Amino acid sequence: MAKILIVEDEKSINNLIKLNLELVGHTCLQAFDGNTALELTANGRFDLAILDVMLPGASGFDIIGALKDIPAIFVTAKGGLEDRLRGLRAGADDYIVKPFEILELVARVDAVLRRTKAVSDSFEFDDIRVDFDCKRVYKSGEEIMLKPKEFDLLEALIRNRNLALTREKLLNIVWDFAYEGDSRTVDVHIQKLRKKLSLEDRLKTVYKTGYRLEV
Amino acid sequence: MRFWQKTYIFTLILFLLCLNGGIMSLAAYTYRQSVTATEATVTAEQYYIARSFERDHIDLLSAGENASPTLLMETYGNHYKGKGIFLSFEKDGKTLYSDFTDSFSVKDDTLTHKKLDGKRYVFISSSLCDGRYRFVFAKNVEQLDKEFYSLIAVYSLTALAVSAFLAVCLFFILKRLSVPLDKLRSATQKIEKGDFSVTVEEKGRDEFSLLAKSFNSMLHKINEQMVALEADAEKKQMLVDNMAHELRTPLTSIQGYAEYLEKAAVTEENRILAAKYIVSESVRLKKISDILLDTAYIRGNTVTQTPVDLGKLLKDTADRLQPKAQKCGVELLTACDESIVMGDATLLSMLFYNLADNAVKACNEGGTVKLTCADNKAVISDNGKGMTEEQLLHITEPFYRTDRSRSRAEGGAGLGLALCKQIALSHNADISFSSRMGEGTEITVTFTT
């Protein structure tokens, strides 16, 4: 997956971002001040940088200038329109305001990576290969036929793998709107996915929460 | 109507009344004078003619029997007619000679003005030749009327010219005098529209310039107040911005790690890490809220004034801080004389603990922090890393940190010195900082009570 630079002086938040991005399969490098970040960008190659705006040493705006063609997402406590616009004008690809939800962070990182084509749009685990571009799934080299909603559900689970998704969240992502109270739909589709791809061990039910694909 | 216009109209009316009244009475007086003079002349003339006729009449009578007084009268009458004087003679009510076509009665021995054919005459009637005749004398004095009319004409013209001149002069003078008022008015209008940068011209030494002066100084005061208020509002806005930022950081961690625990398949190691972050960040939030409440409380309440021994307070502070100092390898020294000040011992102890704590934090291993006091003055000095002038300017601002990452790592809220300043303020004490980069910092708290 992608190699991501996290620049955030607040250690707890830096670690939080790292833990979550590693869960969905990214590799992370951490910098706790602006100058270290500048050194790292000069020496290494990244697919994405996640930047705090207010940093000791060089600021987030300084670093984004040094990034050149590497996409960047700002993470900041200032959620005002003016700050948002300033960040986007400076060349940021997206903007996340603290406090943020993990799923939001993952989704935005994913969106930016897909937009910049830094990741191959397919995913493999065990003997299963999922091609997101062609919307096809292969198991042991053989194509498994999935209904469109089943495929979307699988995609949502893969993109947020190792994270529990509530039924409501899945309804929101896959069915694109809230099915009030009809979370049985999710359960039915999950059962079908498990059966068709033999995912009983991977696609876990999380107690009182939802479902999690553990890879 | 404007003030100057009112003044103009009233002044003008008053002036015109006085001027015209004055001219009219002058004209009347002049006319009276000339009438009197004319009457005197006429009386003299009548007297002369009467005496002359009496003499001629005596001469005539003595000349002979058939001498006719009527002829004499005709001679006189014809002679004086050419001079504008008309005569008539009567005897026992019978007219002997008369220049007059109409009959009229005139009182004896008085002077009467009469108009005949539109012309003015002065009539004098008297008895003549020891009461033998009644003699009526009339003189044309239409000259008097002519004089009167030309007098009126001249005076009216003069009055008109003077009035017009005055009207024009008064108009411009009053308008000019009201210019400063107009300027004041336009200045107030500008202020009304929110432009406080105006000043009014302060020329001269009259009431208007005095008014302009006080107006300007009032404006100056208002401007100062506005600037102060704006600065205050800006400061408050910055505080709110900072506070939002400071609250969001721990909130992000708490929310994030809680969510992580809820959603991720975590290892035992990561579970403990997440839980630890949640606890430490919650503690930080609590600390921020505590200090904010303390600061608000101190600001809102007057402190109790009890005698406090500064020396003892500093020694206690040093004792409480000793364990932490030892851990950091920092030496704590006290040199305190007894010095009694008025204040709240708990708050003051909080103040000195905070200051000394900061001093210990600023020191590297092997550093020294000194607490001294004498004469209502407490000094806390260290030989730590010191601060730049720029940093010194901001250290008492809420949420300002000289070393952000280190302060956060130690769980600081960035509010300590803001609280210290508030405590010092509430005790009417002056707190001053002096520092040199790399050499250390000295904090002096001077009590005025």
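In what follows, Ala, Val, Leu, Ile, Met, Phe, Trp, Tyr, Cys and Pro count as nonpolar, Asp, Glu, Lys and Arg as charged, and the others, Gly among them, as polar. The model is predicted, so that local features need pLDDT of at least 70 and side-chain atom pairs count only at pLDDT 80 or more, while totals for chains, interfaces and linings use all residues. Residues are numbered from 1 along each chain as its sequence is written, chains are lettered from A and ligands numbered from 1 in the order in which they are written, and side-chain values use heavy atoms, with hydrogens and water left out.

**Exercise 1.** Describe the second largest pocket and state where it lies.

Solution. Begin with the term: on a 1 Å grid over the protein atoms alone, a pocket is an open set of points where a 1.4 Å probe fits, with protein on both sides within 12 Å along at least five of seven lines, and lining residues have an atom within 4 Å of a point. The volume, which is the space filled by probe spheres set on points joined across faces, edges and corners, is about 610 Å³. Next, of the 21 lining residues, Lys235(B), Leu239(B), Arg299(B), Pro398(B) and Gln422(B) are the closest to the centre. By class, the lining divides into eleven nonpolar, four polar and six charged residues. Helix 5 of chain B gives the largest share, seven residues; helices here are DSSP runs of H or I with at least four residues, and strands are runs of E with at least two, numbered from the N terminus. Finally, because domain 2 (211–301) and domain 3 (304–447) of chain B both give residues to the lining, the pocket lies between them, the bounds coming from an automatic or database domain assignment.

**Exercise 2.** Work out the strand order of the open sheet in chain B and what packs on it.

Solution. Two strands pair if DSSP finds at least two bridges between them. The five strands follow the order 7-9-10-12-11 with mixed pairing, and strand 7 (331–336) and strand 11 (429–436) of chain B are the edges, each pairing on one side only. Within the sheet, strand 9 (residues 368–374) and strand 10 (residues 377–382) of chain B are antiparallel over six bridges, and Ala374(B) stands opposite Lys377(B). Helix 8 (residues 345–362) of chain B packs on the sheet, with contact meaning heavy atoms within 4.5 Å, and its direction makes about 20° with that of strand 10 of chain B; axes are lines fitted to C-alpha atoms, for helices over the stretch in contact, and angles run from 0 to 180 degrees between N-to-C directions.
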